[in-house]
Amino acid sequence: MAWSALDNFAESRHPKAVLDRQPTSPFNPEMILLAIDTALAACSAAVLVDEGGEKRLFAQSEDLGRGHAERLMDMIAEVMAEAGVAFTDLDRIAVTIGPGSFTGLRVGLSVARGLALVLEIPVIGVTTLGAIAQGARRKLEEQGLPPSPVLVILDARRDEVYTQAFDADGTPLDEPRVARVADLIQNAKTGMKLAGSGARMLAEAAELDDSPVISEAGWPEISDVTRLGSQASPSRGAPAPLYLRPPDAKPQVRDRRLRV
C-alpha cells in the first residue's frame, strides 16, 4: 500500500488525494519521524518510531554516487512498509540540507518539502557537517572515550574542504565554510577529534598520528540525521539548502564574437 501510494505521489499533481487514502496505523507513539539524506554519495532513508521508553529505527542506505532521484522514492516506501506506518502517521520529516552535491540536495529537499506540505507537518533541516559530528560523538561514546570537541572536514575537491567545528555537546563553534587543508592545521593541533572524508588528510598535513581521527565518513549515517531531527525544535518555513560555493557545472555561455 505504502509503495504504490508513494509512486502515485511522485507522479500526481495532487498528492493530497493519494495520502488521504492511506490508513492510519493502530498504535499512537510519541513521535514518528521520516529522515532523508541525498546530500552526498549515499542515498538514505529511515523511519524512527519513538514510543517513549522504546525507540525503533528502520533504515536503508546505499552508496550510489548518482541516481538518487530514481532510488529515493522506493527506499522511502520500503522503510515505511518495514516500520508498518502510513504517511499520515508521520509527525515530522528530517532532511540533510548540505553542504553537498547540488543535484543530490535538490532531490532530498524536494521530496521532504512536498510530503511536509501535503501532510502539514514540519521539516527539520540537518547539516551534513552537524550529522557527521553527531556520528563522531556517538563513536566516542561507543568506545568508552570521553566527549570531545570535533572538527568535521569533508573533501570538497578542487583542493578545498567543507568544515565546521563543534563543541563536545554538539554546539557549533563556528559557521560552516569552505577552506583549504593548510588553513586548518592550527585547528587540528588544538586536541579536537577529526571526522569526515578529509580527516586523515588534515591529520597528515598537521603531522599528527591517527589518534585524533575518529571517523572518515564521506556522508552522515542516517541514524545520526534521525537523532538530530528528533531533538530539534520545529521551525517555521521550509529549510533552505546550504550552498557554500557555486556549482562545479556552469551553463555554457555563447561567444557573441562568433555571431555574424
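Colour the chain by pLDDT, the predictor's confidence in each residue from 0 to 100: the average over the chain is 86, and 83% of the residues score at least 70. This is a predicted model, in which local features need pLDDT of at least 70 and side-chain atom pairs count only at pLDDT 80 or more, while totals for chains, interfaces and linings use all residues. Residues are numbered from 1 along each chain as its sequence is written, and side-chain values use heavy atoms, with hydrogens and water left out.

Select helix α1 (residues 2-11), where confidence is lowest at a mean of 42, and then strand β9 (residues 193-195), where confidence is highest at 98; helices (H or I, at least four residues) and strands (E, at least two) are DSSP runs, numbered from the N terminus. Residues 1-18 have pLDDT below 50, and this stretch has 27 contacts in the model beyond near neighbours in sequence, a contact being heavy atoms within 4.5 Å. Where pLDDT is low, the predicted coordinates should not be read in detail.

Of its 260 residues, 48% count as buried, that is, under 20% relative accessible area, with exposed meaning over 50% and partly exposed in between (1.4 Å probe, protein chains only).

Move to α5 (128-142), whose end C-alpha atoms are 21 Å apart, in agreement with the 21 Å that its 15 residues should span at 1.5 Å a residue; the expected span is 1.5 Å times one less than the number of residues. Because 11 of those 15 residues are buried, α5 is largely enclosed by the rest of the structure. Among the buried residues of α5 are Gly130, Ile132 and Arg137. Gly144 follows α5 and has a positive phi, near 75°.

From Ile132, step to Gly196, which touches Ile132, Ile153, Leu154, Ser215, Glu216 and Ala217, not counting residues up to four places away in sequence. Gly196 lies in the loop between β9 and α7 (199-205) and is buried, with a relative accessible area of 0%.

Finally, select Thr127, Gly130, Arg137, Gln164, Phe166, Asp169, Gly170, Pro172, Glu175, Pro176 and Leu228, which line the second largest pocket. The elements that give two or more residues to this lining are α5 and β7 (160-166). On a 1 Å grid over the protein atoms alone, a pocket is an open set of points with protein on both sides within 12 Å along at least five of seven lines, and lining residues have an atom within 4 Å of a point.

Key. 1 Å grid on protein atoms, 1.4 Å probe; cavity = no way out; pocket = protein on both sides within 12 Å on 5 of 7 lines; lining within 4 Å.
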